[in-house]
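Here are my notes from going through the model you sent.

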Amino acid sequence: MPKVLKAEGMNKCIGCFTCMLACAGVNRQNHSLVKSAIKVRTSGGLKGKFVADVCIACKDDRACAEACPSGALEIRAGGGVLLKPEKCIGCRRCVSACIVGAVFFDEAEGKPIICKHCGVCTRFCPHECLRMEAVDNAV
Amino acid sequence: MLYEKYIRVLHIDLTKQKILIEQREDLHAYLGGVGVASKLLEEHIRPELDPLDPEQPIILSIGAASSVYPVITKTVAMFYSPLTSELGESYAGGRLALTMLLAGYDAIVIHGKAPKPSYITINCNNIEFKDARALWGMMSDEAGRVIREKEPGGGKRSILRIGPAGENQVSFASVCVDTYRHFGRLGLGAVFGSKNLKAMTIIGDRSIPIKNFKAYFKVYQEIYDKVTDTEIMSKYHDAGTAINVLPLNEMGALPTRNLSQNRFEQVEDISGEAFVTRNLVRKMACTGCPVGCIHIGQFRREFDKGHDYESVSVGYDYELIFALGSYLGIRSSDEILQLIEKVEELGLDAMSAGVVLGWATEALANGLVTEADTLLPLAFGSTENYLKAIEYLAAQANDFYKNLAKGVAKASEIYGGQDYAMHFAGNEMPGYHTGYGTLLGTTVGARHSHLCNGGYSVDQSLKEFSKEKAVEAIFEEERERCMLNALTICLFARKVYDRKTILAALNALDYPITDAELTAIADRIYKTKLRIKKQLGFDLKAVRLPKRFFETPGLWGKLDEQTAYDMIRMYDEKLGAYCQIVDPLL
């Protein structure tokens, strides 16, 4: 069964950013936070709450894929999309199409950063803010 | 610099508003962190001038593996301390280390004095000097808010700022880093103030490809699992360092009412457990640390009649509970949080603030000073008075507070009461009256901090006391921590980062290094610090400890003055021989 990432325990988040460092490290082989497909941030300075901006694995309609003019975002089983970088022209339409603000843009590469729901961030979350959920949907 | 064979140093000249970047291969011999900072301090310090002279440098430095492995989260600041007129060294967590790494600087050296109140913004391809005249006089948190809203880079930046105490150059003013962390001790805030530097923001926006992913990630996972599976998670995350209040009280090592007592009769109400029950609302972490030891407590304040309340959140830790709690006879967790908030917004070191007020309270009771000096009937347990006194201190409201703002050593030289002015070579005491280990460790420690060598832990672990063994243990720990601090590892994780782990971590970053080299680096750093101290006129033989250390019993009962001085002499002799051994590399 395919799995999708759920960031439902953010009330437990301590803001260690380990999920981001792990995502950037494993998926982009980079030490920089800006390469991560999940972004933990505070709303209103450090005294505000931690929130996670990350793909919520849209199922029926995927606005990012609809907006893509070159077919670079393919439907992912279980929800969300997969980026085919060779087809991507770097137009950023997916970035503005995502209503939850979960598509980021890698300025150096000229391509969007798309969460592929691999679960690496959940493995490195020390407080169970993030988890993978099995979903029964096939494409 | 990560994956490079040099240390990248950013020099900022506030007077001329110019910068200079150096790539120093020679600094590799100091590893990073406190090593590089000590060397840069030695190069740039002006011993003949006042610690607050514009010519004095501020050094910030991170380590060779900062932020790329768990719990390597600290940045070291080194400077000429206005409090002790001696080596200034202080550590802060938060996001600073990661942002320095991603801005592309291993070390930052700040020179000169801005012509008017200013703040600096730094990122990987720009540095700007900005007008802070309107921020001058603002509380630390308010200044942070203004900059946060005005400057870009949210989420990947760090904001350092001082409060009015730093602007007014109180000798133990602190620098707040990212709301909940601080360069607390030894007066870096005053040095910022002396340079007209209200704040700094560093944005980490560089990309750093991982060089050898497989090797790196294997070591990363091992360390992550070690950190999250071992007891440091439970000890520092659960109730946090505040959990030490009750055991230290039980041991008879909790400094109470200016150390006239070693136990506090109302300790239950200020214990870690009390904070958990009544105040704890949140825990947070420095960037890259899965532990999350930052504990946030909340209290309710009535700001107007007619049931008008606000809730206030502040960070707390053991040291603050000791200094602004038992040391001042404060009887509830809510009142301690109020005092912490006051110290926080004005930008003072909480430990020094508590200890100077403890002395002032007793000096008033003994008639060394009058209420015309203190402006208030200072008395143990009176939170209202202490809240006001902290404001007077930050503002240096009259001659008495001006003198108090120089620290307890200098104030007691003027007014008397030196026997109960509780400091080590000018630095106000930490919250451990455990025994000879603390006395020796804090006296000989390079910066007179309990964290130099953990003397309190030597007191608790030595089964049978022996002068020789204690001296040896403290020397070894002081030396080893030079290496750990060169890597800027949070000392809470010191047991995770044994030599084997450090070597594996560095080697996986393509940083070839051996165990023997780590030892040589530790020696090189320790000796550099000792040279700076000597240059600034520090002499261990001249240190005098206040009598009260020997009157109020500690963990081992009453301490013998002669034994303590014997141990200091033994350590000094050991250092004499140690410094004779020449470093073959230099």
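1. Let's start with the fold order. Going from the N terminus, chain A reads β-α-β-β-α-β-β-α-β-β-α-β. That makes 4 helices and 8 strands in chain A. Keep in mind throughout that this is a predicted model.

2. Next, the dimensions of chain A. A compact globule of 139 residues would have a radius of gyration near 14 Å, and chain A comes out at 15 Å, so the two agree. Along the principal axes, its C-alpha trace spans about 40 × 35 × 25 Å.

3. How much of chain A is buried? Of its 139 residues, 50% count as buried. As for contacts in chain A with a separation of 6 or more, 55% of them join residues 24 or more positions apart.

4. The accessible area is about 6400 Å², and carbon and sulfur atoms hold 51% of that. For charges, chain A carries 20 positive and 13 negative side chains, with the centres of the two sets 5 Å apart.

5. Now the partner. Chain B contains 23 helices and 17 strands. Its radius of gyration is 23 Å, which agrees with the value near 25 Å that a compact globule of 586 residues would have. The box filled by the C-alpha atoms of chain B, taken along the principal axes, is roughly 65 × 60 × 50 Å.

6. Of the 586 residues in chain B, 65% count as buried. Among chain B contacts with a separation of 6 or more, residues 24 or more positions apart account for 69%.

7. The size of an interface is often given as the accessible area lost when the parts come together. Here chain A and chain B bury about 2800 Å² between them, and 62% of that is on carbon and sulfur atoms. On the chain B side, the residues losing the most area to chain A are B:Phe213, B:Tyr224 and B:Arg282, together 18% of what that side buries. Counted by residues, the contact takes 27 from chain A and 41 from chain B.

Terms used
Residues are numbered from 1 along each chain as its sequence is written. Chains are lettered from A and ligands numbered from 1 in the order in which they are written. This is a predicted model: local features need pLDDT of at least 70, side-chain atom pairs count only at pLDDT 80 or more; totals for chains, interfaces and linings use all residues. Side-chain values use heavy atoms; hydrogens and water are left out. Helices (H or I, at least four residues) and strands (E, at least two) are DSSP runs, numbered from the N terminus. The radius of gyration is taken over C-alpha atoms; the globule rule is 2.2 Å times the number of residues to the power 0.38. Buried means under 20% relative accessible area, exposed over 50%, partly exposed in between (1.4 Å probe, protein chains only). Contact means heavy atoms within 4.5 Å. Accessible areas come from the Shrake-Rupley method with a 1.4 Å probe; for residues, only the protein chains shown count as cover. Lys and Arg count as positive and Asp and Glu as negative; His and the chain ends are not counted. The place of a charge is taken as NZ of Lys, CZ of Arg, CG of Asp or CD of Glu. Buried area is the accessible area (1.4 Å probe) that two parts lose on being put together, summed over both.
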